[in-house]
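Hello,

Here is the structure I promised to pass on. Please have a look at it first, and then read my notes below.

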Amino acid sequence: MRTALCVRRGVGVLALVALVCQLAGCVLPAREQPGALRADVIARLGPPTATIALTSGERLLYSELPAGFAAYNLDFDASGRLMRNEQVLTQQRFESLSGGRWTRTDLQNTFGMPLRVEQVARFDGDIWTYRFRQNSDLRLAHVHLDRQGVVRQVLFTDELPNFDNARD
């Protein structure tokens with residue numbers, strides 16, 4: 001009798017976990033389609049990480065950083081309809097950053113806040129680090145901003161897993 005009760009409770013817990021996973025899978029920024037209304041998107045996804053005014057409407061930025069690897073720009077026209085949905089934390093997007101043209105504000109309005117901000121001795125400015133996936137590889141983009149807040153270069157490294165060196 002006791003075993004049957006434990007099994008029944010275990011099945012109930014698994015069913016609840018499966019339901020939560022299904023519901024969570026339905027509310028991903030990537031699934032929002034052009035034409036969706038701004039109010040409906042916010043009702044499904046919750047408040048955005050940032051809201052940015054655009055010349056022809058508004059951008060809602062949904063970022064998974066610091067733990068995740070994606071940031072979505074959902075661009076709405078002046079009437080509040082979704083025009084474009086783009087996952088921006090990609091190698092291609094970071095490679096398109098032109099040294100001398102992009103600024104700190106441009107980075108924030110496109111990619112959101114970085115995973116971390118660092119400084120090094122051989123560069124006079126901040127280095128904003130973003131994490132992303134390239135295929136199945138974990139990568140880091142290191143965006144170098146000079147003292148005036150202008151992008152000077154972007155370097156890429158692999159994000160290495162935390163190895164357990166206790167066995168060495």
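A word on accessibility before anything else: a residue is called buried under 20% relative accessible area, exposed over 50% and partly exposed in between, using a 1.4 Å probe and protein chains only. By that rule Asp158, at 49% relative accessibility, counts as partly exposed.

Some housekeeping. This is a predicted model, so local features need pLDDT of at least 70 and side-chain atom pairs count only at pLDDT 80 or more, while totals for chains, interfaces and linings use all residues. Residues are numbered from 1 along each chain as its sequence is written, and side-chain values use heavy atoms, with hydrogens and water left out.

**The sheet**

Helices (H or I, at least four residues) and strands (E, at least two) are DSSP runs, numbered from the N terminus. Two strands are taken as paired if DSSP finds at least two bridges between them. With those terms in hand, there is an open sheet of 4 strands in the order E5-E6-E7-E8, and the pairing is antiparallel. Strand E5 (116-120) and strand E8 (151-158) are at the edges; each has a single partner strand, so one side of each is left without a neighbour in the sheet. On average, neighbouring strands of this sheet are turned by 30 degrees against each other, direction ignored. The axes behind such angles are lines fitted to C-alpha atoms, for helices over the stretch in contact, and angles run from 0 to 180 degrees between N-to-C directions.

Going through the pairs in sheet order:

- E5 and E6 are antiparallel over 4 bridges, and they form a hairpin with 2 residues between them. Arg116 has Thr129 in E6 as its bridge partner.
- E6 and E7 are antiparallel over 10 bridges. They too make a hairpin with 2 residues between the strands, and Asn135 in the turn has a positive phi of about 60 degrees. Gln134 stands opposite Asp137 in E7.
- Strand E7 (residues 137-146) is joined to E8 by 7 bridges, again antiparallel. Here Arg139 has Asp158 in E8 as its bridge partner.

Helix H4 (residues 104-111) lies across strand E6 (123-134), E7 and E8, and runs at about 15 degrees to E6; contact here means heavy atoms within 4.5 Å.

**Charged pairs**

The structure holds 12 of them.

Arg139 and Asp158, the bridge partners from above, also form a salt bridge, with the closest N and O atoms 3.0 Å apart. This pair links distant parts of the chain, Arg139 in strand E7 and Asp158 in strand E8, 19 residues apart. Arg139 is buried, at 13% relative accessible area.

Glu159 and Arg131 form another, with the closest N and O atoms 2.6 Å apart. Glu159 is in the segment after E8 and Arg131 in strand E6, 28 residues apart. Arg131 counts as buried at 11% relative accessibility.

Arg116 is bonded in this way to Glu118, with 3.3 Å between the closest N and O atoms. Arg116 is partly exposed at 33%, and Glu118 is partly exposed at 32%. There is also a network of salt bridges that links Arg59, Asp75, Arg84, Glu86 and Arg93.

**Aromatic rings**

Rings of Phe, Tyr and Trp (its six-membered ring) pair if their centres lie within 6.5 Å; planes under 30 degrees apart count as stacked, over 60 as edge-to-face and the rest as tilted. That gives 6 aromatic pairs. Trp102 and Phe111 have ring centres 6.1 Å apart and planes at 35 degrees, so the pair is tilted. Both Trp102 and Phe111 are buried. Phe132 and Phe156 are edge-to-face, at 6.1 Å centre to centre and 80 degrees between the planes. Phe132 in strand E6 and Phe156 in strand E8 are 24 residues apart; Phe132 is buried at 0%, whereas Phe156 is partly exposed at 25%. Ring pairs link Phe94, Trp102, Phe111, Tyr130, Phe132 and Phe156 into a cluster.

Best wishes

Notes
A salt bridge is a side-chain nitrogen of Lys or Arg within 4 Å of a carboxyl oxygen of Asp or Glu.
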